[in-house]
Amino acid sequence: SVGLTGRKLNIECDQDKYLTLILYPSAVSETVVVEGRVESPLDNVTSSISVLTKEDLDNLQTSRLLDAIRFLPGVQVNQTGNRGGVAGIFVRGADSRYTLVTIDGVKVNDFGGPYNFSNLASEPVERLELMSGPQSATYGSYAIGDVFKIKTASGLNRQEVFFSTEGGNLGTKKFTAGGGNKIGNLGFYGSLSHIDSNGMVANDDSRFDNLHIKTDYSVKKNHHFQYGFVFNSNKSGNPGPFGSDPANLFQGLDLISRTNESYDIHSFHYDGKLGSRVREQLTASRYSDRLDFESGYGPSFTRQNRQTVSSETSMVLDQRNLLVFGMEWNREKFRNSFVTDQSFSVVPLNRNIYGLFIENHFEHAGKLFLNTGARLEYLRLDSISADPFGSRPDLLESAIAQVHPKFSMAYAPRSSTRFHASMGTGLRPPDGFELAFTTNPALKPERTVGYDIGFEQKLFEQRVTFDTTWFYNRFHDQIVTLSQAQSGLSRWQSDNLANSVARGIEESVKLQVGRSLSIKGAYTYLDSSVLNLDGTSDVQRFFFTGQQLLRRPRHSGSYLVVWQNKRLIAETGAVIRGKTLDTEPNYGISAGQFANPFYMTLTAGAQFHLKNGVWITTKVFNLLDRSYEESLGFPALGRNFTIGMKWRTSLK
């Protein structure tokens with residue numbers, strides 16, 4: 001966001017004359033984020049946090065949040081082809097399953113960690129925060145590598161009505177509508193969006209529908225009640241890999257396989273002030289996901305749901321210390337067509353996760369900020385009956401407990417200079433297939449330990465901001481299926497024996513040139529390595545010691561330029577990825593590993609304000625029509641564009 005600054009001017013108090021005061025734009029950030037469980041100005045946070053605001057998303061004209069996430073530092077997006085293809089996020093070298101995603105505080109990851117980012121609509125999003133590095137001390141399971149926190153709009157702070165429609169090549173059609181208002185202490189907000197596109201080849205079409213509703217009620221500003229509902233439905237064809245085929249195993253277009261998925265979120269939240277020093281927050285939520293897949297082998301399905309109850313208490317101990325403590329309970333269930341018992345009936349996998357946490361936030365003289373905390377995470381898995389093929393025995397109920405510490409600090413000797421550092425740990429419990437296809441009754445969660453140290457400097461009346469951060473992530477207890485030659489390492493067919501490491505440097509720069517022009521740039525150098533299995537000089541199958549991790553490029557970056565005045569907003573940007581290592585697209589790593597070349601893709605867009613809140617919009621992706629593949633074998637869309645109109649009016 002843009003602040004204002006001025007030049008010193010000395011005047012005599014007894015003079016009676018008009019004065020002209022000129023205020024100049026500066027790059028002072030006033031964004032408030034939630035670090036840990038406490039709201040803080042972005043300049044005071046101790047962790048590595050990147051933010052996308054509603055204004056950022058509007059300037060980028062993104063109907064999908066994924067297209068804005070690509071510009072965040074340290075983030076690598078990997079999508080299998082069209083808009084409906086599965087999209088994973090790699091942050092600082094962490095696996096795509098290591099990212100926790102929350103929507104209004106509700107965890108929406110699949111059982112065991114994966115999340116498909118291609119389904120996220122941007123319209124209801126008020127703010128997105130990326131907390132890089134392991135965060136299980138605060139957020140528990142699944143926050144092993146980083147956390148994406150999405151906050152949606154509320155009628156208490158956004159009173160408006162909006163509508164937009166767009167069309168483009170590849171049969172693309174987009175529609176959004178909604179608005180919010182408040183009556184006294186009651187606020188209501190809702191939005192509806194629809195996107196569909198034909199894709200590049202047969203059976204490459206996709207369709208997304210998203211509904212968001214939020215109701216807020218405040219009592220004397222001391223007690224706040226909120227109910228939120230999110231529904232997402234997406235359908236897409238799966239033509240399979242039809243691009244690069246380095247192993248010459250091209251199978252032709254798949255004209256049968258299709259995915260039909262929907263999820264919904266119900267959340268209830270209470271936030272109350274109990275006196276001048278105590279604040280209490282209570283949350284209950286339910287997340288449910290339904291996926292159906294049709295292929296040449298017949299239909300299959302996956303059903304997942306999670307219920308969560310949490311309590312959080314904040315206590316002001318003194319002017320320097322804020323203490324936060326609480327508990328959280330998650331009950332999650334997984335069912336899949338291929339996970340059956342000896343009678344071929346589907347076997348549900350049930351897991352309970354309990355968390356007890358405590359944090360202390362310390363501040364001294366507005367210059368030193370310390371955040372320390374710990375969380376006890378207790379995971380209990382219900383028993384699982386044997387499968388019909390004898391490859392999985394009866395697995396009895398099992399439990400494991402782990403403690404996760406966290407420390408972070410920031411020191412700002414001047415308003416223009418800030419040093420920051422953090423340390424944390426994380427865990428990812430096994431997913432449904434890892435549990436269902438193992439002989440191991442004691443398969444443990446995967447773990448990580450991460451560190452970072454950074455330096456931020458603002459120059460030229462805070463119009464220019466540089467940030468450099470060194471990071472290190474060490475991944476332990478990674479689940480690996482052992483080859484026959486490695487059977488001596490464990491009595492089980494899969495075990496927590498694999499290790500890897502990712503380290504590097506993130507660079508970012510922000511420039512505010514005059515009132516109208518802003519420039520952002522980011523670059524990440526990543527050095528990742530596969531390490532030996534525990535207790536041996538051996539390494540997991542198909543890899544060698546020191547090998548670069550799959551789909552983690554050594555070099556990546558982006559830039560974004562936005563120019564705006566009263567009538568026109570224009571932006572252009574680029575996402576750059578260096579050469580990376582990928583797998584054969586038809587049969588995966590068992591069929592070989594191959595280099596996926598460097599690419600750079602450009603975007604450009606413009607919005608022109610006619611009058612009365614009506615704007616004409618246009619957006620072009622892959623401006624130079626380059627051929628590239630984020631996932632080997634799955635071509636990204638060529639040059640594609642939309643032209644449309646949007647209308648927004650304030651009800652304040």
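In the predicted model, Asp-292 and Arg-303 form a salt bridge in which the closest N and O atoms lie 3.1 Å apart. Asp-292 belongs to strand β18 (residues 278–295) and Arg-303 to strand β19 (residues 298–316), and the pair links distant parts of the chain, eleven residues apart. Asp-292 has a relative accessibility of 33% and therefore counts as partly exposed. Arg-303 is likewise partly exposed, because its relative accessible area is 22%, and the limit for a buried residue is under 20%.

A further salt bridge joins the side chains of Glu-328 and Arg-375, with an N to O distance of 3.1 Å. Glu-328 is located in strand β20 (residues 321–336) and Arg-375 in strand β22 (residues 368–381), so this contact ties together parts that are 47 residues apart in sequence. Glu-328 and Arg-375 are both buried.

Salt bridges that share partners also build one network, whose members are Lys-54, Asp-58, Glu-123, Glu-126, Arg-158, Glu-160 and Arg-648. In total, 40 salt bridges are present in the structure. Side chains of opposite charge can pair when their charged atoms come close.

Glu-630 and Arg-70 provide another case, their side chains meeting in a salt bridge at 2.3 Å, N to O. The two residues come from distant parts of the chain, 560 residues apart. Glu-630 lies in the loop between β34 (614–621) and β35 (640–650), while Arg-70 lies in the loop between α2 (66–69) and β6 (75–79). Both Glu-630 and Arg-70 are buried.

Turning to the strands, an open sheet is made of five strands in the order β5-β10-β11-β8-β9, and the pairing within this sheet is mixed. Its edges are formed by β5 (49–53) and β9 (106–107), each of which pairs on one side only. Strands of a sheet pair through backbone hydrogen bonds, either parallel or antiparallel. Strands β10 (residues 125–132) and β11 (residues 146–152) run antiparallel and are joined by seven bridges. Within this pairing, Arg-127 has Lys-151 of β11 as its bridge partner.

Key: Residues are numbered from 1 along each chain as its sequence is written. This is a predicted model: local features need pLDDT of at least 70, side-chain atom pairs count only at pLDDT 80 or more; totals for chains, interfaces and linings use all residues. Side-chain values use heavy atoms; hydrogens and water are left out. Two strands pair if DSSP finds at least two bridges between them. Helices (H or I, at least four residues) and strands (E, at least two) are DSSP runs, numbered from the N terminus. A salt bridge is a side-chain nitrogen of Lys or Arg within 4 Å of a carboxyl oxygen of Asp or Glu. Buried means under 20% relative accessible area, exposed over 50%, partly exposed in between (1.4 Å probe, protein chains only).
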